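Please read the points below with the structure open beside you, and check each of them against the view.

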Amino acid sequence: GGGGRVPCCAPGRLPAPQPPCFLPLAEVFLPEETHGAAPVDFLQQLPSYQSALRRRATAGGGTQERRAAPQGPAGVNKQADVKHLSGGKQWRRTSSKSLKKVLSEVKEFSSYLKLWRHDIHSIEGKFGTGIQSYFSFLRFLVLLNFIIFILMFSFVTLPSIIAKYGMFNSSFAKIPPKNIEPHCTVYEPSGNKGLIYFYDYLKHLLSGTGFLEETSLFYGYYTIDATWISIVRYNVPLAYLLATFAYLALSLIWIISRSLEGFKQNLVHAEDQFQSYCNKVFAGWDFCITDPNAARLKHRSLRYELQTDLEEERLKRKIADRTTKEKLRIYSLRIFINVIVLAVLLGCFYSIYRATFFSQENSNGVSNMNFLVNLLVQYLPSIVITTANIVAPQIFSFLIRYEDYSPAFEIRMILCVFLRLASIGVLLFSLWSQISSCNTDMCKACGYNYELYPCWESQVGQEMYKLMIFDFIVILAVTLFVDFPRKLLVTHCSCKLLQWFGLKEFRISDNVLEIIYGQTICWIGTFFSPLLPAIATVKYFIIFYIKKVSLIHTQKPAARPFRASSSNFFFLLVLLIGLVLAFVPLGVSIAHIPSSKACGPFRNFNTSWAVVPHTILEFPKPLQQVLYGIASEAFAVPFFMVICLVMFYFIALARAHKRVAEQLKEQLAMEGRDKQFLIRKITEAQRHP
C-alpha cells in the first residue's frame, strides 16, 4: 500500500522458495502503526514502550550498520581464536571455582573458632540482631586490643626484657644524655621504703605506683637506647615510635574497612523513604528470633519504628506550616536550652580541670598511713569524670524534651559522645598545663616541670591506667550493687512505686559509649603504658560475661530501640571519632612536649619525634638524598597534582556510576508502572469479556 512496507510473504498465494526474510529488531519490538495487530495494540500504551519510542527518536542512526557481524576469513580466524582460548578460559574458571570453594570451606571452619560464637548466637535468638550487634562489637574490640598488645609486646617489651636479662647472647646500651643539667636526670619511682603493708600493695595495684611503676607496664621501664642480639643492633627508641604509629594505623584501617559495608547500606537506605517503609513492612522481621518474649519485643520495635517514621512526617508538615511567631518562639527556647547545656558542659570540664590539679599537687602530700584518703585523692579525676558522665546525660534528657526535635535527631547521643570524649581531652590538657609550667631557671633548663613530673610519660600512663581500672570497677559495681538489688525488689516486692520503675533497660547506645570511652583511653595510654592493651583485653573479656548475665537476669531490652542498633556502622563511626581524638594528644606528646630526660627511650632527644631525623642521618648518603627529596617541595607539588588527577578520575567515575544507578532506578519504576498498567487491563478484560 501507499508508503507501506512490502511484506515478506504476499497474502493469497503460496510463497515461492526464497531466502528467509528478517525484519529489523526495532520493528519487532517497536512495530509501526501500519502493521500493528489488534491483540497487542494496548502494549503500545505501556509506559516503558513510550519511553523507548522517545529514546529511539533521539538516538539517531548509526546502529543498523553495526548489526551484521563480519564474515569471511577474519570472522573464521576470530572463531578459531575463541575456540582456541575456550580451553584456557575453562581452566581458569574451574580453578577459580575450586579456589572459591576452598576459601568458603576455610571461612566456614574459621567461623567455628570465633570467640563466643555460641553465646552470641544465643543472644541473637533471644533478643534479636540489635543487641547481638553490641556483643559482636565487643568481641571485635577484644580482638583489636589483643593484636595491639601482641604488636607492642613483640617490638618493644620483649626486646627490652631479652636485653636486660642477657638472653640469647644479648646486651644493651644506656647512653647518658648530653648537654643536660644533672638534676634533670634524677628519677626515683614513688614507693614505700622499708616495711610495706598489705594496703600499700593494694594502693599500688590500683594506682599504678610503687612496685608497678618500675615494671614494663609503664614508659619509664624502657630506658634503653639500643640492644644487641648476637650481632644484630635493635634501635629501641625507633621501634617504640614505629610500633605506636603501627597500632594507630592498624586500628584506623580495620575500623574503616569494617564500616564501609554499613556506610553503603545506610547511604542506600537514606536515599528513598519509601524504600525504608517497604523494608520495615516486608523485610523487617528478624527470623533469628526464637524466644516468644523477644518476638513480642520485635513486634513493639517495628511498631515503634513505623510510629517514629509517621511522627517524622507529621513534624515535617508541622515545621513547614509554622508561622513566624512560632519559629521565633521555638528558636528562642532552643537558644536558652543550649545556653544551659553549654553551662553544664563547662561546669563538668572545669570540675575535671580543678580535680586534676588538686590530685596532682596533693597525691604525694597525704600521709601514707591514711590509705583511703590517699587513694581517693589519686582517683579524684576519675571519680569526677565518671560522675559527670552519669549526671550530665540525665540533665540533657530532661532539657531536650522541650526543643521539639525530630525523633530521628539523636541530640542526646551527640551530647553524650562529646562529653565522654572531651572529658579525656580536658584531663590531658590539665596534665600538660602542669607539665609545661616552668617558673624557675632550673625547671626551664629541663624544658618541663621536672620537680613534679621527673618522668611525666609514666605519670600520664598512670592516669590512663587509673581511668581504665576505675571504669571497670564502676561497671562491675553498678551490676552487682544496683541492677541485682533492683531486680530482686521488682520481682519480690509488690510496691507500686517499684513496679513503676521496673527493671533497668539495656540501652545499646549507652553501653556502646561505655566501651568506646574505655577504648579511647587505651589508644591514648598505650604510648605511655605499652602493656595497657593487655589490661583492656582482659577487661572487655570480663565485661562480655558481666553484660551477658546482666541482660539475661537483671535487665530488659529497651522498648524504644536505638535506630542504629541493627547495624555496626554507628558503633564504628563513634569508635572512629574516638580514634581521631586519640591522634591529637599523642601527636602533641610526640612532637611538641619535651621528652623526659630521666627515663624512657627518648631521654637523649628533645622530643620523641626527633629520633626519626636522627635515624635518617645514619643512613647512607644516597638514601638520605632520596628521603630528603621526597620531603621537599619539588616532590610534593607533582605528587599533589597526581593525587588531584586521580581524585578527579574517581569523582568522574562515581558520577558515571550514579547515572547508571539512576537509569536502573528509572527502569525499575517503569517496570512497576507496566505491571500496574497490565493489571488494570486484565481487570477491565475480566469485567467486559
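**Notes on the aromatic rings and the fold**

1. One aromatic cluster is formed by Tyr-219, Tyr-221, Tyr-222, Tyr-240, Trp-456, Phe-527, Phe-528 and Phe-602. Rings of Phe, Tyr and Trp (its six-membered ring) are paired if their centres lie within 6.5 Å, and planes under 30 degrees apart count as stacked, over 60 as edge-to-face and the rest as tilted.

2. Please keep in mind that this is a predicted model, in which local features need pLDDT of at least 70 and side-chain atom pairs count only at pLDDT 80 or more, while totals for chains, interfaces and linings use all residues. Residues are numbered from 1 along each chain as its sequence is written, and side-chain values use heavy atoms, with hydrogens and water left out.

3. By the pairing rule, the count comes to 32 aromatic pairs. Trp-116 and Phe-544 are a stacked pair, because their ring centres are 3.8 Å apart and their planes are at 5 degrees. This pair links distant parts of the chain, 428 residues apart, since Trp-116 is in the loop between α3 (73-112) and α4 (117-127) and Phe-544 is in helix α18 (residues 532-554). Trp-116 is buried (under 20% relative accessible area, with exposed meaning over 50% and partly exposed in between, for a 1.4 Å probe and protein chains only), at a relative accessible area of 6%, and Phe-544 is buried at 0%.

4. The pair of Phe-149 and Phe-153 is tilted, with 5.7 Å from centre to centre and 35 degrees between the planes. These two residues are four apart in helix α5 (residues 129-164), so about one helical turn separates them. Phe-153 is partly exposed, with a relative accessible area of 29%.

5. What does Tyr-247 touch, not counting residues up to four places away in sequence? Its contacts (heavy atoms within 4.5 Å) are Ile-148, Leu-151, Met-152, Trp-523, Thr-526, Phe-527 and Leu-586.

6. Of the 689 residues of the protein, 39% count as buried. The protein contains 22 helices and five strands, which are DSSP runs (H or I, at least four residues, for helices; E, at least two, for strands) numbered from the N terminus.

7. In an unreviewed entry, UniProt places the feature "transmembrane region" at several spans, including residues 140-162 and 626-651; such annotations may be inferred rather than shown by experiment. Residues 140-162 are 100% helix and 0% strand, with end C-alpha atoms 31 Å apart, whereas residues 626-651 are 96% helix and 0% strand, with end C-alpha atoms 32 Å apart.
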